[in-house]
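Thanks, everyone. Let me put the model up, and then we'll walk through it.

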Amino acid sequence: MIFNKETARQTAEVLLQINAIKLSPKEPFTWASGWKSPIYCDNRIILSYPPIRNYIRETMGKQIEELYGRPDVIAGVATGAIGIGVLVAEYLGLPFIYVRPEAKGHGRKNQIEGYIEAGQSVVVVEDLISTGKSSLNAVKALKEAQVNIKGMVAIFSYGFDVATENFKKEDVTLHTLSNYESLLDQALETNYISQKELTTLSDWNSNPSEWNAI
């Protein structure tokens, strides 16, 4: 769920401004999964815009404290959330670790990079939630390290039902700065998209795996 409607609107606005989120209903993108999509979100571009990254860092940091208090450690999900996670940890004055998709095949063969102790409390930072599979894979690794997962925060979520189900199944609380609904509202209000494009984007979100551009 989103933190609040105003934060969701403001976050959607800044993401659209820097083209971190691109909407292209007429010429859809192809995701790694093979899904055709009229939207593509690349939150890593936030790092190239100091005022925007400061907004995200401070907003996310404040919301973490409001929701969970001060955890012992901030954990970022590799690779997209490493940069954002470091910024949030720095803002809060907390240690930072990050979690790889899988353990390295060489060296120390770590999946979790950085120092953490069993029993410490962690808030996981993610940049983007689609199905939630990769995010929850990181949570699984942290649980195996016997740490206390207080919850996860992310910049943006597509709002897929499958993600809601996955987080519920794993009993992980998720809050995001913005989401797909807020994005469409802001995009329509600022004439970034037309009413016809809004219909297309809404249709895609309701059934992304079967959607095809018309």
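Start at Thr 79, in the loop between β5 and α3 (82-92). Helices and strands here are DSSP runs, numbered from the N terminus: H or I with at least four residues for helices, E with at least two for strands. The peptide bond joining Ala 78 and Thr 79 is cis, with omega about -5°. Most residues other than glycine have a negative phi, and most peptide bonds are trans.

A word on the source. This is a predicted model, where local features need pLDDT of at least 70 and side-chain atom pairs count only at pLDDT 80 or more, while totals for chains, interfaces and linings use all residues. Residues are numbered from 1 along each chain as its sequence is written, and side-chain values use heavy atoms, with hydrogens and water left out.

Two positive phi values next. Asp 171 has phi near 55°, and it is not a glycine. Asp 171 sits in the loop between α5 (161-169) and β10. Buried or exposed? Asp 171 is exposed, at 69% relative accessible area. The cut-offs: buried is under 20%, exposed is over 50%, partly exposed is in between, with a 1.4 Å probe and protein chains only. Asn 191 also has a positive phi, about 60°, without being a glycine. Its loop runs between α6 (180-189) and α7 (195-206). Asn 191 counts as exposed, at 67% relative accessibility.

Now the sheet. Six strands form an open sheet, in the order β7-β6-β5-β8-β9-β10, with mixed pairing. Pairing means that DSSP finds at least two bridges between two strands. The edge strands are β7 (112-113) and β10 (174-179), each pairing on one side only. Helix α2 (residues 50-68) packs on this sheet, touching β5, β8, β9 and β10. Its direction makes about 145° with that of β9. Contact means heavy atoms within 4.5 Å. Axes are lines fitted to C-alpha atoms, for helices over the stretch in contact, and angles run from 0 to 180 degrees between N-to-C directions.

Which strand is largely enclosed by the rest of the structure? Strand β8 (residues 121-129) is, because eight of its nine residues are buried. With strand β5 (residues 73-77), β8 pairs in the parallel sense over four bridges. There, Gly 76 stands opposite Val 125 of β8. With strand β9 (residues 148-157), β8 pairs in the parallel sense over eight bridges. Leu 128 has Phe 156 of β9 as its bridge partner. Follow Phe 156 onward: its bridge partner in β10 is Ser 178. β9 and β10 pair in the parallel sense, over five bridges. α4 also packs on the sheet, touching β5, β6 (96-99), β7, β8 and β9, and its direction makes about 165° with that of β8.

Last stop, Thr 11. It lies in helix α1 (residues 5-17). Thr 11 is buried, at 0% relative accessible area. Leaving aside neighbours within four places in sequence, Thr 11 contacts Tyr 55, Ile 56, Ile 155, Leu 177 and Ser 178. With Tyr 55, the side chains make a polar contact of 3.1 Å. A polar contact is a pair of N or O atoms within 3.5 Å; within protein, one must be able to donate a hydrogen and the other to accept it, and residues adjacent in sequence count only if both atoms are side-chain atoms.
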